[in-house]
Amino acid sequence: MRLRTLQDDPRHAWTPFQASDTDPWDLDRVAHLHRRAGFSPSWEVLQRDLEEGPEASIDRLLHGEPEALDGSPAASFDNLMDALARGPGAAAGPTGLQASWLYRMIHTPFPLRERMTLFWHDHFATSVEKVNEPSLMRQQNELLRRHALGSFADLLRSMAKDPAMLLWLDATASKKEHPNENYAREVMELFTLGRGHYSERDVQEAARAFTGTFVVQGRYRHDSREFDAGEKSILGQTGSFDGDAVASILLDQPACARFLCRKLFALLLSEVDEPSDALIDPLADAYRNSGYDTMVPVSMILHSRLFFDPSMRRKRVKSPVEFAVGTIRALEIVSPTVSTNELAEACSRMGQRLFAPPSVAGWDGGPAWINTTTTLARSNTILALMNDRRRFDPEALPARHGQADDPAAFYTKLLVQETLSSEVRNRIKGSAREVATLVLTSPEYQLA
Amino acid sequence: MSLHRRQFLRSSLAASSLVSMGGVTIPGFLAQSARAARGAAKSNDRILVVVQLVGGNDGLNTVVPHGIDGYVRNRRRLRLPTGQLHRVTDDISLHPSMGQMAKLLEDGRLAIVQGVGYPNPDRSHFRSMEIWETARTDSHPEALETGWLGRVLDADPPSPGSDSPALHVGGGRLPLALRARRVEVPSMEQIDQFRLQANGSSAEQDSTRSALNEVAGVDRSDDPLLGFLRRSTLAAYEASARLEEVAAGQGGETNYPNFNLARRLEQIARIIKAGFGTRIYYTRQDGYDTHANQLATHAALLNELADSLAAFHEDLAQDGQAGRVAVLVFSEFGRRVAENASNGTDHGAAAPVFVVGPVAQVGLIGEHPSLDDLDEGDLKYQTDFRSLYASLLDEWLGVPSAPIIGEGFAPVSLLSTS
């Protein structure tokens, strides 16, 4: 099997993909790139990227497009979205936060940055249910977005001072006499190293380094009188470390880069294959040597032969947010778009409440997205969208792209490309509305 | 997602694809309903329904100790007229609005555990609910991460694609009792969320549904993940279709009163009758925080409770399912023995708990707490609520209770499992 050969051959796996007669730059590869590094694309984007080739397509995803889907230039779109989240978004509570983020994802000129923001939201999972302060959740979301494709080192250091995170982990008053171990434990177990790469003693010592941390009226405060300035021994190093120094010690561990790269592998490549250390190490080394510039491993993955290998397709279950936003972008339901309040509720029914992951470990994801209730919620979301005649006309979309004569072929190519077996394709029939519904509810479409 | 979780998911995915290699795949809930139809309820067919009375129910005016010295003395304005009470024993009777509960008692379907509580009672609604829902009295941060029923789910997480092992029926946030680390429990206000909502005439709806089924139905077993998605999708449509059949077939036969609680229990009954694999249901009745002018409000609440529980029981009995369903009714605390100056009662401690179903002991369990020997004006508890949980876990659900609620809570036998 090709998958085995490439996965067992890290040198070739991470070399850049080159289009050839046997591995052509085709619709499947263009769509795969967008599903993983963004959201399902519109017909126009698919055709453009098919034409312009891998370099230009990957580049646009890594750095964003010049214009948002509402036509505004990228920079002013960002300002507008920040203002939207800050004002009406946070003011309307958890639903407002969810709705304003979904609105942003639907129109963003930089889908990869939103996907990575969501990835870090899952990694540094914090829930408004406990934090109870929408404005602090909004601040954390801005922090995640600012560093989404930048320095993980900066993100990690900022997270130790993020009021929402500290409230979430009950670490709002860590005093010299009673160091709070919660943050120190999670930073090792969930944020950097993973279990088995530190001891209880390391947690206790690190907790001392995080003393003096307070949250007062929603703001981070460092109180030097409550900081334990004594000597600590953490992961073999000794010194009078503070929180920033602990972050440096953790980042210096090879286990940290491996831990993060395994998560990036699951995000961008496969949730069902367990990569070997040999396959992960080149990514992890590059990440650590760059000083944890997240752009480095992400770019390496997206350019790689392994990424574009057909064996890597459909190896992820779309999260409810990927599913919902991708569908809306692919069907060009952008101006006006759907009610993002309702969309937030639909995502909740499908099992993903933005800003409210179930625990500090984030969403389980993968096959766990799928159960009786969530599957019905996915189908019902599609049925409701297909019947929202004011916002979506299933005849008009293929007609706009000169494909009115065969809507079934159009929706298949747009949404799932060549993945349907002929037996499935034979059953996709009926009116434009019917064929769109059938493709969007098919098992194939639930996978990325 | 942590690595061990991913490994777990990967292995459960592998396991579920093995199932399909045998050829025909029977969705789990069908297998279960087939078992149920054969009659004898095995431990993995039994169902627990929890009804939480939110606000702190006045136990003294629910299971009324009118023959015990002290009731009359403490309850001058809130005293219930003895002639209208429903007799349980010579000294103890049910509230006048609970005629339907009295009938359940007559039919041998009701147990009343007296004086249930826990040491050092907390009189904050919030804190006391946390204690009941987590089954932990300490304030360790991790104590609040999972509920007692959530830990039941974590102990045996469902395989992907199977029915949700627990359901919250009602609005508002998920009860802490159902919070789990590895399982996401859905909240459902309306059964509609469990139905495939096709549009148009009924013929159009049918054709949409069969088209969706046809597309999902094609074998995809050469790809494990796709095969899993296919099975889950078919199972979901099948569940939805059966639910609809059941709902349509039952139309006029059930007889639920027009109360919120009754509507929720009716939804639960429908899902049970449809043969779902869900074994834990949770719902709430609000409004028990009766600090002022308690009499009329409390009577209405207890009437809703009694009539709804009786209708639920009757519905299940008609379907031959009453033997596998137990209902636990609790509140976060009872109220002060003495009434207050506003014709109401303030936050108290121990109170009675109801169990409806195939009970092992009909009627009262345990002694009524003394009305003279009080703890800061409140009844002293006789039975720790965790002893009831122990019984429901060990004996009813067949889940070892010690890892869930800790050691040392001797089960109080509540239900008959023969």
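Predicted model: local features only at pLDDT ≥ 70, side-chain atom pairs only at ≥ 80, totals over all residues.
**Stop 1**

Begin by selecting strands E1, E2 and E3 of chain A, which form an open sheet in the order E1-E2-E3. The pairing in this sheet is antiparallel. In general, strands of a sheet pair through backbone hydrogen bonds, either parallel or antiparallel.

Next, colour residues 173-174 and 219-222 of chain A, which are strands E1 and E3. These are the edge strands, and each of them pairs on one side only.

To view one pair of partners, display Val216(A) together with Arg219(A), its bridge partner in E3(A).

**Stop 2: Leu50 in chain A**

Move to helix H4 of chain A, residues 43-52, and select Leu50(A) within this helix.

Then display the residues around Leu50(A). Apart from neighbours within four places in sequence, Leu50(A) is in contact with Trp25(A), Asp26(A), Leu27(A) and Val30(A).

For a distance across the chain, select the C-alpha atoms of Leu50(A) and Met350(A). These two residues are 300 residues apart along the chain, and their C-alpha atoms are separated by 32 Å.

**Stop 3: a cis peptide bond in chain A**

Select Pro336(A), which lies in the loop between helix H20 (320-330) and helix H21 (340-349) of chain A. Include Ser335(A) as well, and inspect the peptide bond that leads from Ser335(A) to Pro336(A). This bond is cis, with omega near 0 degrees.

**Stop 4: two positive phi angles in chain B**

Turn to chain B and select Ala135(B), in the loop between helix H5 (125-134) and helix H6 (148-155). Although Ala135(B) is not a glycine, its phi is positive, at about 60 degrees. With a relative accessible area of 2%, Ala135(B) is buried.

Finally, select Asn293(B), found in the loop between strand E8 (280-285) and helix H10 (294-318) of chain B.

Note on methods
Residues numbered from 1 in each chain as written. Chains lettered and ligands numbered in written order. Heavy atoms only, no water. Pairing = 2+ DSSP bridges. Helix = DSSP H or I, 4+ residues; strand = E, 2+ residues; numbered from the N terminus. Contact = heavy atoms within 4.5 Å. Buried < 20%, exposed > 50% of the residue type's maximum accessible area, 1.4 Å probe, protein only.
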